[in-house]
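Take a walk through this protein chain with the structure open beside the text.

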Amino acid sequence: MSLVQSELSEPYVIYTLPLLSTPMAIPADSSVPIGVIVCKQSMHKHIANRGYIAMLSVNKNWRKRGVASTLVRRSIDVMKRNGVSEVVLETEFDNIPALSLYESLGFIREKRLYRFYLNGKDAFRLVLPIPPDPDQPTYPRFAPIRNPLPAYPIDD
């Protein structure tokens, strides 16, 4: 918990940690986490299976060693195995290390979100489109029927 509270600008513990999965990076010779990623996967607008990365944090002493990219790649791999069609996240517009990391993994900037964070900073929403797996069967997607027609008996 201290890793999350000391490294992030937002109080994520309040609204994300109880709801989302939280894989951690822990060195073999320690029991103290050095990195954490908080993410989830769910249906978005009943159409797209979307992954969401809510938070990524790495202890300052362990940065630039591949911990963050490993956590993100492994999380995306799990989401891919579960049929995700895209992964989205937000990061502060001036967080150059985070933007560089995500863009190196294929994320693209979708849009700027003005005054997105509690501290008044803007954010970029980043999206990673996931192409369909050719080895998995595909099924046509149908929009849910909101107001189904009433059933009438058929006269023969």
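Is Gly83 buried, partly exposed or exposed? Gly83 is partly exposed, because its relative accessible area is 41%, a value between the 20% and 50% limits. The model is a predicted one. Gly83 sits in the loop that links helix 3 to strand 4. Leaving out residues up to four places away in sequence, Gly83 touches Gln41 and Asn49. Gln41 lies 42 residues from Gly83 in sequence. In space the two are 9.5 Å apart, C-alpha to C-alpha.

Now step back to the whole fold. The protein chain holds 4 helices and 6 strands. Along the sequence they follow the pattern α-α-β-β-β-α-β-α-β-β. The chain has 156 residues, and 36% of them count as buried. Consider the contacts between residues at least 6 apart in sequence: 56% of these join residues at least 24 apart. The chain exposes about 10800 Å². Carbon and sulfur atoms supply 55% of that area.

The largest nonpolar core has 25 residues. Ile53, Leu56, Val72, Val87, Tyr102 and Phe107 have the most contacts inside it. Several elements each supply at least two residues of this core: strand 2 (35-44), strand 3 (48-58), helix 3 (67-81), strand 4 (86-92), helix 4 (96-104) and strand 6 (123-129). Helix 3 gives the most, with 6 residues.

Tyr102 counts as buried because its relative accessibility is 6%, under the 20% limit. Which residues does Tyr102 contact, leaving aside neighbours within four places in sequence? They are Ile53, Leu56, Val72, Leu89, Phe107 and Leu126.

Cys39 can be found in strand 2. Cys39 is buried, with a relative accessible area of 5%. Between Cys39 and Leu56 there are 17 residues of sequence separation and 8.8 Å of space, C-alpha to C-alpha.

Turn to the aromatic rings. How many aromatic pairs does a search of the whole structure find? It finds 2. One of them joins Tyr102 and Phe107. Phe107 counts as buried, at 2% relative accessibility. Phe116 and Tyr117 form an aromatic pair too, also edge-to-face. Here the centres are 5.0 Å apart, with 90° between the planes. Phe116 counts as partly exposed because its relative accessibility is 37%.

Two arginines sit over rings. The charged end of Arg65 lies over the ring of Trp62, 4.5 Å from its centre. Arg109 lies over the face of Phe124, and the distance to the ring centre is 4.7 Å.

Thr91 is buried, with a relative accessible area of 7%. Setting aside neighbours within four places in sequence, Thr91 contacts Ala98, Leu99, Tyr117, Asp122, Ala123, Phe124 and Leu126. Among them are Tyr117, a member of an aromatic pair, and Phe124, the ring under Arg109. Glu92 is in strand 4 as well. Is Glu92 buried or exposed? Glu92 is buried, because its relative accessible area is 12%, under the 20% limit. What does the side chain of Glu92 make a polar contact with? The partner is the side chain of Asn119, at 3.5 Å.

The last stop is the backbone. Most residues other than glycine have a negative phi. Lys64 has a positive phi of about 65°, although it is not a glycine. Lys64 lies in the loop between strand 3 and helix 3. Lys64 is exposed, with a relative accessible area of 82%. Arg115 is another residue other than glycine with a positive phi, near 50°. Arg115 sits in the loop between strand 5 (108-113) and strand 6. Arg115 is exposed, because its relative accessible area is 64%, over the 50% limit.

Terms used. Residues numbered from 1 in each chain as written. Predicted model: local features only at pLDDT ≥ 70, side-chain atom pairs only at ≥ 80, totals over all residues. Heavy atoms only, no water. Core = buried A, V, L, I, M, F, W, Y, C linked by side-chain atoms within 4.5 Å. Buried < 20%, exposed > 50% of the residue type's maximum accessible area, 1.4 Å probe, protein only. Contact = heavy atoms within 4.5 Å. Areas by Shrake-Rupley, 256 points an atom, 1.4 Å probe, with all protein chains shown as cover. Polar contact = N/O pair within 3.5 Å; in protein donor to acceptor, adjacent residues only side chain to side chain. Phe/Tyr/Trp six-rings, centres within 6.5 Å; stacked < 30°, edge-to-face > 60°. Lys NZ or Arg CZ within 6 Å of the ring centre and 35° of its normal.
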